[in-house]
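Have a look at the model first, then read on.

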Amino acid sequence: MNCPWLDQMLLAVANEDVDKIVALYGELPEEFATLEELQQARALIEQAIEILKKARHTVLLQMEHLKKSRAYLMTQYNSRAPALFNQLN
């Protein structure tokens, strides 16, 4: 018997499609027809977890970079704001 959820999860994992993995997790079947399908589901979920961990790490690095950029821009703004204000007066 073919399980559409397994096929979709296999494709999502192969493509490292985080959004699809999360959506499919919410649709996890309560039962699988065979022990083999259950084992496949378990293996795919383990792979999906690793993909999500990797994506989380990437997002955290991007957030850190954005925070540093924001701090730099605020420093630049604070150092230039008085001069700009004086030019207006």
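## Ground rules

This is a predicted model, so to speak of local features a pLDDT of at least 70 is needed, side-chain atom pairs count only at pLDDT 80 or more, and totals for chains, interfaces and linings use all residues. Residues are numbered from 1 along each chain as its sequence is written, and side-chain values use heavy atoms, with hydrogens and water left out.

Confidence is lowest in α3, with a mean of 89, and highest in α1, at 97.

## Overall fold

Three helices and zero strands make up the secondary structure of the protein chain, and reading along the sequence gives α-α-α. Both kinds of element are DSSP runs numbered from the N terminus: helices are H or I with at least four residues, strands are E with at least two. The helices are α1 (4-14), α2 (18-25) and α3 (residues 35-88).

Why is this chain called more spread out than a compact globule? Its radius of gyration is 24 Å, well over the 12 Å that the globule rule gives for 89 residues, so the chain is more spread out than a compact globule. (The radius is taken over C-alpha atoms, and the rule is 2.2 Å times the number of residues to the power 0.38.) Along the principal axes, the C-alpha trace spans about 80 × 20 × 20 Å.

Leu66 and Gln40 are 26 residues apart along the chain, and their C-alpha atoms are separated by 39 Å. Arg80 and Gln8 are 72 residues apart in sequence and 54 Å apart in space, C-alpha to C-alpha.

## Surface and contacts

The accessible surface of the protein chain is about 7400 Å², and 58% of that belongs to carbon and sulfur atoms. Areas come from the Shrake-Rupley method with a 1.4 Å probe; for residues, only the protein chains shown count as cover. Buried residues make up 16% of the 89 in the chain. The classes go by relative accessible area: buried is under 20%, exposed is over 50%, and partly exposed is in between (1.4 Å probe, protein chains only).

Contact means heavy atoms within 4.5 Å. Of the contacts with a separation of 6 or more, 66% are between residues 24 or more positions apart.

## The nonpolar core

A nonpolar core here is a set of buried Ala, Val, Leu, Ile, Met, Phe, Trp, Tyr and Cys residues joined through side-chain atoms within 4.5 Å. The largest one has 13 residues, of which Trp5, Leu6, Met9, Val13, Ile21 and Phe32 touch the most other members. Each of α1, α2 and α3 supplies at least two residues of this core, and α1 brings the largest share, five residues.

Take Val13 as a worked example. Leaving aside its neighbours within four places in sequence, Val13 is in contact with Ile21, Leu44, Gln47, Ala48 and Ile51.

## Salt bridges

How many salt bridges does the structure hold? There are three, counted when a side-chain nitrogen of Lys or Arg is within 4 Å of a carboxyl oxygen of Asp or Glu.

Lys54 and Glu16 pair up at 3.1 Å, N to O.

The others are local to α3. Glu46 and Arg42 meet at 3.5 Å, N to O, and lie four residues apart in that helix, about one turn. Glu46 is partly exposed at 42%, while Arg42 counts as exposed at 60%. Lys53 and Glu50 meet at 3.7 Å, N to O, three residues apart in α3, again about one turn; Glu50 is partly exposed at 46%.

Over in helix α3 sits Leu66, which counts as exposed at 58% relative accessibility. Arg80 is also placed in helix α3, and it counts as exposed at 53%.

Key
pLDDT = per-residue confidence, 0-100.
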